[in-house]
Amino acid sequence: MADTDILVGEELTLERAKAGQPPVAAATTRDRGEGPYRRLVLRGATVIDGTGAPPIGPIDIVVEEGRITLMKKVGSSISTIKDKLRPEAGDHEIDCQGKWVTPGFVDCHAHAGVAYHAANGWVPPVDYVYKLWLAHGVTTVREMGSFNGLGWMLDQKALSAENRIAAPRLIAYAYFPAVNDRLKTIHSPEEGRAWIRALAERGADGVKFFGAPPAIMEAALDECRKVGLRSGCHHDQMAVTRMNALTTARWGLTSAEHYYGLPEALYEDQVVQRFPADYDQSDEYFRFSVAGQMFGQAAKPGSAKWKEVMDAFLELGFTFVPTFTIYDANRDLMRARQADWHKDYTWKSMWNYFQPQRGGHGSYWYRWSTQNEVEWKENYRLWMTFINEYKNRGGRVCTGSDSGFIFQIFGFGFVRELELLQEAGFNPIEVLRAATSQGAALCGLEDEIGSVEVGKRADLLVHDHNPLTDFKLLYGTGALRLDEATNRPEWHRGLKLTIKDGIIYDTAELLADVRDLVRSSWDEADEDRPVDAAPGPSRADDARAAAG
């Protein structure tokens, strides 16, 4: 029986607190951001609107009370702008001539901090997470699990909606406690339905599933439909053999997270993945090394089974949130460990948590090998082939980062997801579409956000460089370039301003705040500091110099 003394959405949080993993420190005030202004005008921008349309400009954008009220083309080029075409002056104006404006990004799979990191020391406050998201253009987050507690999450959501904290728009999904290897308090379909109804009454936006006994899962998804809750599922290996991603899609699941459940839907001559005889799910090395073999056991691209499964997902209007980024280290561990940003932006307890250790989720590098990386590279090739074809045939694919694990940190991990979608075969405009309007639609917010259009919320990004030319320019550390005049390398960073609900955030200020926070988490004498932390100017210093 479910414990009726515990509010729904709080079960896992209370369990973790008993294990010494309390919720992360919540945000309480807004110390960054200018506005909102009664009338904000962005002048002369080249707009990439997020719908898949090509860039167009120069355009003046008028924002009033946090919404776009006018978009006016004011010339055929910057040199031919006609003043008589321009809207009236604003209370505040941003010169966007020679700059690009896109919608704010939607991270469809993210976590507002990770309490697990308490195993390795002081956990960063959620301000660290929020500022990294905003500094990388993320203005909306689908928080998958509300692992700090649904009450905590709903409070933060309200504060963000009122712009009383510097944070993206937050969408709260709560963990459905029905799998034995995590926490199980729901034991019957009736209990599952009652839990879903209670969750809706508390104000949650959706449900994060890891699986459940089939009867419970089917009942819960049916109840989600009845009460208007959306859903996403990480098809856990302890539950996926009884219902793969296609099964749950047919029952009404909104989206599949990661890759779990998709290869199982593609199996032709087996039902269950071929596990080694000595496999143990509790051993994270086994869990993630063997997971790299899953697509290799499935139907091949272009086969009858492949097409059958693809057609079925398309007919259901299903959504995939692949989160390619969070498993990227499995293909090249050395690259992930040596990423440019760890020195200045990775919190101490996070860095230590990422290292090989028993009991740490995603810290499974006990004996990671060349063979493991070869298998994961092939796994990605097949996985990316399916996701790209699904997009090409009209299916919805959205961006998600799942950062906080496996050498991926907040914000930076989201930008890496953009790069990986391009690797999968998406062209740059398709990548931006997945990161904006497609994500908004998944969240049910397509009438509010996701594209640069009159009537929508002013969630806008101002770029010094065209993001379509290189997504690396979006990293907080920037992209490495050569100054031809001096023959010296320099770092170019493209994202200048993040605007959420008409509040203007200077990304350089946000990044400086994060560096200060990270610095406070480290003892200078600590030998665990990221290995590239040599004395001398940091990459952040180089980036600031390049940006002027």
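Predicted model: local features only at pLDDT ≥ 70, side-chain atom pairs only at ≥ 80, totals over all residues.
Entry 2, strand pairing. Strand β2 covers residues 56-64 and pairs with β1, residues 39-47, in the antiparallel sense. I recorded 6 bridges for this pair, and I found A45 opposite I59 of β2. Strand β3, residues 67-73, also runs antiparallel to β2, to which 6 bridges join it. Here I located D60 opposite K72 of β3.

I next examined how helix α2 (residues 126-135) packs against helix α17 (residues 507-521). I noted an angle of about 150 degrees, with the axes 9 Å apart, and a left-handed crossing. From α2, I listed Y128, K131, L132, L134 and A135 as the contact residues. From α17, I listed T507, L510, L511, D513, V514, L517 and V518. By class, I have 9 nonpolar, 1 polar and 2 charged residues in this contact.

Which residues lie nearest its centre? I found R16, Y116, R182, R287 and H361 there, out of 40 lining residues. The elements that I noted as giving two or more residues to the lining are α1 (11-18) and α8 (284-291). I divided the lining by class into 16 nonpolar, 12 polar and 12 charged residues.

Notes
Residues numbered from 1 in each chain as written. Heavy atoms only, no water. Pairing = 2+ DSSP bridges. Helix = DSSP H or I, 4+ residues; strand = E, 2+ residues; numbered from the N terminus. Axes fitted to C-alpha atoms, helices over the stretch in contact; angles between N-to-C directions. Left-handed = near helix turned anticlockwise from the far one by under 90°. Contact = heavy atoms within 4.5 Å. Nonpolar A, V, L, I, M, F, W, Y, C, P; charged D, E, K, R; others polar. 1 Å grid on protein atoms, 1.4 Å probe; cavity = no way out; pocket = protein on both sides within 12 Å on 5 of 7 lines; lining within 4 Å.
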